[in-house]
Amino acid sequence: MDLPSIEFIKLKSAAADSLNGYILKPGAMEKGEEYPLLMFVYGGPGSQQVVDKMSRYYWWFQMLAEQGYAAFAIDLYGQGIRPETTEESEAESSKLYSDRETMRQRLFAGLQEAQNLPGIDGSRVVAMGYCFGGASVLELARAGAEIECIRGRSSSGSDGGSDDFYPNRGRDQ
């Protein structure tokens with residue numbers, strides 16, 4: 001069995017913010033094949049995904065990769081910012097809640113980076129997140145991101161309820 005491969009990525013937003021991400025790809029990627037992408041944005045303290053080690057969601061991402069999906073996680077806080085308490089996490093997320101343009105720039109930088117990776121079908125993308133991550137992916141919907149579906153769970157700071165689900169039905173029209 002070919003195990004999924006992980007790749008850590010460093011990228012810059014339009015505002016030149018340094019960001020980290022990682023992608024877990026199917027282990028047996030066929031040459032010339034393109035795979036659908038799940039973009040994941042994490043939530044509160046201790047749940048950061050991109051810390052040069054496997055996160056608590058790694059096994060879920062691995063299961064997706066074994067089923068033929070690529071899973072991409074992005075750190076919207078920026079390189080070197082690692083909130084460990086609820087207060088620290090709220091302070092960092094508040095900066096992005098109050099500056100939605102920066103949030104969007106960072107989200108789109110990650111999305112575009114992942115969509116352009118070899119073996120990724122940039123037209124088959126879903127984005128999801130919990131809490132701050134859920135509110136973040138909802139910003140992708142508000143900004144008109146060309147993706148299939150957005151799922152925000154317990155989307156604090158969003159204008160919606162605690163669970164938001166937006167299939168992009170008008171995309172092909």
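This is a predicted model: local features need pLDDT of at least 70, side-chain atom pairs count only at pLDDT 80 or more; totals for chains, interfaces and linings use all residues.
**Entry 1, the overall fold.** I started with the secondary structure and found four helices and seven strands in the chain. Read from the N terminus, the order is β-β-β-α-β-α-α-β-α-β-β. I then looked up burial: 48% of the 173 residues count as buried. Of the contacts between residues at least 6 apart in sequence, 61% join residues at least 24 apart.

Next I went to helix α4, residues 132-142, which holds S136. I noted S136 as buried because its relative accessibility is 0%, and the cut-off for buried is under 20%. Where does a polar atom of the S136 side chain lie 2.8 Å from a backbone oxygen? That oxygen belongs to F132. Leaving out residues up to four places away in sequence, S136 touches V41, L76, M103 and L107.

I counted six aromatic pairs. One of them, F8 with Y22, is edge-to-face, at 5.7 Å centre to centre and 70 degrees between the planes. F8 sits in strand β1 and Y22 in strand β2, so this pair ties together parts 14 residues apart in sequence. F8 is partly exposed at 35% relative accessibility, whereas Y22 is buried at 0%.

Then I checked Y97 and F132, also edge-to-face, with 5.6 Å between centres and 85 degrees between planes. Y97 is in helix α2 and F132 in helix α4, so the pair links parts 35 residues apart in sequence. Both Y97 and F132 are buried.

Last, I noted one aromatic cluster formed by F8, Y22, F40, F61 and Y130.

Notes. Residues are numbered from 1 along each chain as its sequence is written. Side-chain values use heavy atoms; hydrogens and water are left out. Helices (H or I, at least four residues) and strands (E, at least two) are DSSP runs, numbered from the N terminus. Buried means under 20% relative accessible area, exposed over 50%, partly exposed in between (1.4 Å probe, protein chains only). Contact means heavy atoms within 4.5 Å. A polar contact is a pair of N or O atoms within 3.5 Å; within protein, one must be able to donate a hydrogen and the other to accept it, and residues adjacent in sequence count only if both atoms are side-chain atoms. Rings of Phe, Tyr and Trp (its six-membered ring) pair if their centres lie within 6.5 Å; planes under 30 degrees apart count as stacked, over 60 as edge-to-face and the rest as tilted.
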